[in-house]
Amino acid sequence: MSGERSVFKSIFKNVSVLTLGRIANALCSFIYIAVAVRALGLSDFGLLILIHSLASTGSVLSRMQSWQTLIRFGSDSFNSNDTDLLHRVVHFCIRLDTLSAAFAIVFGLVGVQIYGHTANWSAHVRFLADLYVCVSPLMYSGWANGILRMAGKFHLVPIIDSCAAIAKTFGVLLGYVLHLKLGYFLFVWAMTIVIDYGFYIYYALDILHRKFKFRYFRAFRHWRWQLPGMWQFTRAASINQTLGNISGHVATLVVGTGLGPAEAAVFRVCRQIADGIVTPAQLISPVLYPELVRMRDRQDWRGLKRVTWKMFGVLGGLSVALLLLSAFFGSTIFRFLLHVHVHHTSLYISIMLLAAVFSLLVIPLEPLLIVVGHVKFLMKNRTAVMAIYFPALYVLTRHFGLAGACLSTAACNATILLSQMLGVWFFYDRIGKAER
């Protein structure tokens, strides 16, 4: 029990630290989104959101979840100071991220050409979107993020988040004062990505160099090295995570295609408000996974199960409070952000918050299934759900507008939650038996 209390203390301490950065980021986002809408107008702001979503889609599609691989296969060597094995695992993850970066540009450029033609974008807008794609490889700092999480340096994350958010806020305010256009605001968004990525790489390399005398470019010497099961785990984890991460960007693009950039902006902001409300609770996810890996390494299967269900209960209680918060303040936050009145925003935000709550309740279940070796189940499950979600999203959006888009998103997240609960129930009695 003392071990479980220590785990809970560590989880909530790190979540509290991460929350500080997210609060600063949220406060800045209220400012820069509101100012950007005033400077560009809702339609051009929608174009900015769509261009960013295209680049993000290219980045997400190409991502190998190197941070999960790093923690799963490198946690024990990091804690035991096994320099040689840790170097090999980190090198493997760096090579994964390098390949991801190359494919991010390819996917992003292809996406711009296809979507730009479908949406009848002008040559100037497509050119701006092509330029913005160049920063898509920097949207993912996988191995560096894994190092910070594995080392327990969660206090660095709010520093990074705050610096990037403050830079974006000042950039947007300058654009508003000087009456600058879409190209400048895309530049501000891009520079924020560069700043964020640069900080993560710097801190990760500093940690590795101080403790293990690590050299970055040695990672490209041995391309074939891998531990047994390493690639299979990475592939399954990447497909599962990619489908989860890409759904928001693709949904925004689908709404933009069916209803136009202004409605895409409304949908995106409603989703952002819902995600922002549940953000402190969502921060449990990056903290929980390393703790469960350590418990797995100690063969503490009983403690691993108890921690998972206790976290599920905590998140369930928070979910009720968050839904009540949305009902009273959702539309007020929306009007403050966009400075426009859109009918039924309270309904849209409430539905999107319900979707966010379903996603929130998945947080303790997914790491449990990954840690005990059922990542393939997660991959197949999410693939099947997404194969239904995207066509349903398009059809419901065309027929019922933003309400249809919101309802299909909530139904998708509810299905994922139900299927993962069934998966935990099915595998629960087997946890730990095969490893003994």
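Tutor: In this predicted model, Arg382 forms a salt bridge with Glu366, and the closest N and O atoms of the two are 2.8 Å apart. Arg382 lies in helix 14 (residues 375-427) while Glu366 lies in helix 13 (residues 365-371), so the pair ties together parts that are 16 residues apart in sequence. Both Arg382 and Glu366 are buried, which means that each has under 20% relative accessible area. As a general point, side chains of opposite charge can pair when their charged atoms come close.

Arg210 forms a salt bridge with Asp206, with 2.9 Å between the closest N and O atoms. Because Arg210 and Asp206 are four residues apart in helix 7 (residues 182-212), about one helical turn separates them. In general, an α-helix has 3.6 residues a turn, so residues three or four places apart point the same way. Arg210 is exposed, with a relative accessible area of 64%, whereas Asp206 is partly exposed, with a relative accessible area of 25%.

Asp84 and Arg88 also form a salt bridge, their closest N and O atoms being 3.4 Å apart. These two residues are four apart in helix 3, so Asp84 and Arg88 are separated by about one helical turn. Arg88 counts as partly exposed, because its relative accessibility is 35%, a value between the 20% limit for buried and the 50% limit for exposed.

Phe107, whose place is in helix 3, counts as partly exposed at 35% relative accessibility.

To set these pairs in the whole, the chain holds 14 helices and zero strands, and 54% of its 436 residues count as buried. Among contacts between residues at least 6 apart in sequence, 85% join residues at least 24 apart. The accessible surface of the chain comes to about 19,000 Å², and 65% of that surface belongs to carbon and sulfur atoms.

Note on methods:
Residues numbered from 1 in each chain as written. Predicted model: local features only at pLDDT ≥ 70, side-chain atom pairs only at ≥ 80, totals over all residues. Heavy atoms only, no water. Buried < 20%, exposed > 50% of the residue type's maximum accessible area, 1.4 Å probe, protein only. Contact = heavy atoms within 4.5 Å. Areas by Shrake-Rupley, 256 points an atom, 1.4 Å probe, with all protein chains shown as cover. Salt bridge = Lys/Arg side-chain N within 4 Å of Asp/Glu carboxyl O.
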